[in-house]
Amino acid sequence: MRNVILVSLDTTRADRLSCYGHFRRTSPHLDRVAEEGVLFTDFFSPHIPTFPGHTTMMTGKDIYAHQITGQSGTPEPIEGVRMLAELLKEQGYFTAAADNLGRWFARGFDLIEGYGWSTSSSCAWRKGEAVAQAALKVINAAAAQDRPFFLFLHFWDPHTPYLPPPPFDRMFYAGDEKDPENRSMDVLWEFEAFKWYFREWMPGVTDVEFPKAQYDASIAYMDACFAHILTRLDELGLSGDTLLAITADHGEELDEHGHWFDHHGLYDTNLHIPLILRCPAELPTGTRIGGLTNMLDLTPTILDFLGLGDIAQREKMLGTSLLPLIHSPASAARGTTDFLHITENTWMKKRGLRTHEWKLIVPLETPDLHGNSEVELYHLTDDPGELRNVASERPEIVAWLERLNAEWLAQRLAATGLPDPLPIQPIPLRRIGNMEAAVPRDKKLLDEREKPVEETHTVPADEKLEAGDFVGYDREEE
Ligand SMILES: [Zn+2]
């Protein structure tokens, strides 16, 4: 009997986990899982942010097939798009989730345990403990079944605001985060779109290294909470033959590219995510797999693991099972694709293409949130940080990648028979500026929320910006 537990670590970028080489020991328990399983070194989320990321994760389909490009736009994935839980429930699996996404993400689950935490900006947010508590209920319910199970567990800790509880809050930072001599946050305090949010979250902070350390601390706290789940699976004797698949919907910008503490931008900071698969009875241990792989491959991999690979074909999933890469490492160097078509509909709308060597980013609406209108090209081999735009120096590469992208888009639109959703759907109306917008809204929690301090600039979560609007509807009506 084979079981599956899919874990999404929202907003966790691969390179901040110690098993992916981060200089801080952020993830000792996840590192252990990686040692007991298979880690994919070059795994990417092609469609950001959270909604398209998770929809792709759970359907094996891209935005052209499921039509979810951002946090708003279409209310539901189009008819006929089926979630992994629906497919497995139909096969007789017990399906349960510890999650608060709701909407179509709830489809197909027999049981959903929600969770909540205090969202006062003046206290630590104990997200990981709340999620772990819900997850343990779900695991216990699954263990009591006499049929195989599929579980989805969704952690949120490294999502802003980074407010990990003690002792994690001081784990990676020993300085004075409000040192008046430190000017490293000055540029953030001048960034109009986010400064009010930053002021509410971290008033008076002057050292940009502090929120960066808090991001890592949030991962360390989440990792400690996750350890309880590993222990419970061991206690129940489920660790050996359960596929544990750990990933993220997208990463995070910390202090790169002039973007701070959010996940907009098609840079690898946001696209490069972890994937760890563990099932000691079936998969090798201590294995690292290279080659370009991505979120579209995850649901086909899970179905293949369960002996249900024909469902991936029947549902016309776009990705490819990763199991052949695991079992014949010689093929792993190539991954599952030569290039990845990437999109975002966050605070900006962009499209691009990533190969092993190059990254092309093309804005759909200009200027973007940061006042930029340029096409960007990065030579990833020489410049993995994507810091030097070489589009004007290498027009032939831009032309080649633009052609590949156009051909891919035309092929996808022909295959789906659906419109290109990206130009049609608006940039999300939700705006940064209050704590409510930083996590999916939970009414019960908001009731507990403290009144914002007088200085803060709070607006309803769905209110549009008036000036310098980056909301799609308005721009398209011009
Ligand atoms: Zn997310």
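These legends walk you through several close-up views of one predicted protein model.

Two notes on reading them: residues are numbered from 1 along each chain as its sequence is written. Because this is a predicted model, local features need pLDDT of at least 70 and side-chain atom pairs count only at pLDDT 80 or more, while totals for chains, interfaces and linings use all residues.

**View 1. The whole chain, before we zoom in.**
The chain holds 16 helices and 15 strands. Helices (H or I, at least four residues) and strands (E, at least two) are DSSP runs, numbered from the N terminus. Of the 478 residues, 49% count as buried. A residue is buried if 20 or more other C-beta atoms lie within 10 Å of its own, exposed if 12 or fewer, and partly exposed in between, with C-beta atoms placed from the backbone. Take the contacts between residues at least 6 apart in sequence: 68% of them join residues at least 24 apart. Two residues are in contact if their C-beta atoms, placed from the backbone, lie within 7 Å.

**View 2. Helix 5 and its cover.**
Helix 5 is made of 17 residues, 127–143. The expected span of a helix is 1.5 Å times one less than its number of residues.

**View 3. The largest nonpolar core.**
In soluble globular proteins, nonpolar side chains tend to be buried together. A nonpolar core is a set of buried Ala, Val, Leu, Ile, Met, Phe, Trp, Tyr and Cys residues joined through C-beta atoms within 7 Å. The largest one here has 120 residues, and Val131, Ala135, Val138, Leu151, Leu153 and Ala245 touch the most other members. Helix 8 supplies the largest share of this core, 11 residues. Look at Ala245 for an example: leaving out residues up to four places away in sequence, Ala245 touches Val4, Leu6, Val7, Leu277, Leu298 and Ile302.

**View 4. Helix 5 beside helix 8.**
Two packed helices are described by the angle between their axes and the distance between the axes. Axes are lines fitted to C-alpha atoms, for helices over the stretch in contact, and angles run from 0 to 180 degrees between N-to-C directions. The axes of helix 5 and helix 8 come within 9 Å and cross at roughly 15 degrees. That makes helix 5 roughly parallel to helix 8. Angles under 35 degrees count as roughly parallel, over 145 as roughly antiparallel, 65 to 115 as roughly perpendicular and the rest as oblique. On the helix 5 side, the contact includes Gly128, Val131, Ala135 and Ile139, and on the helix 8 side it includes Tyr221, Cys225, Ile229 and Leu233.

**View 5. Helix 1 meets helix 8.**
The axes of helix 1 and helix 8 come within 7 Å and cross at roughly 50 degrees. That makes helix 1 oblique to helix 8. Pro28, His29 and Leu30 of helix 1 meet Asp223, Phe226, Ala227 and Leu230 of helix 8.

**View 6. Two cis peptide bonds.**
The bond from Ile48 to Pro49 is cis, with omega near 10 degrees. You will find Pro49 in the loop between strand 4 (47–48) and helix 2 (50–59). The bond from Pro166 to Pro167 is also cis, with omega near 0 degrees. Pro167 lies in the loop between strand 7 and helix 6 (186–189).

Phi of Thr11 is near 70 degrees, a positive value in a residue other than glycine. Thr11 sits in the loop between strand 1 (3–9) and helix 1 (28–35). Is Thr11 buried or exposed? Thr11 counts as buried because it has 27 C-beta neighbours inside 10 Å. Glu386, another residue other than glycine, has a positive phi near 55 degrees. Glu386 belongs to the loop between strand 15 (376–379) and helix 13 (395–416), and is buried, with 20 other C-beta atoms within 10 Å.

Ile289, in strand 10 (residues 287–289), is 247 residues from Asp42 along the chain, yet their C-alpha atoms are separated by 8.0 Å. Gly307 lies in the loop between helix 10 (298–305) and helix 11 (309–314). Gly307 counts as exposed because it has 10 C-beta neighbours inside 10 Å. Gly307 and Arg2 are 305 residues apart in sequence and 9.4 Å apart in space, C-alpha to C-alpha.
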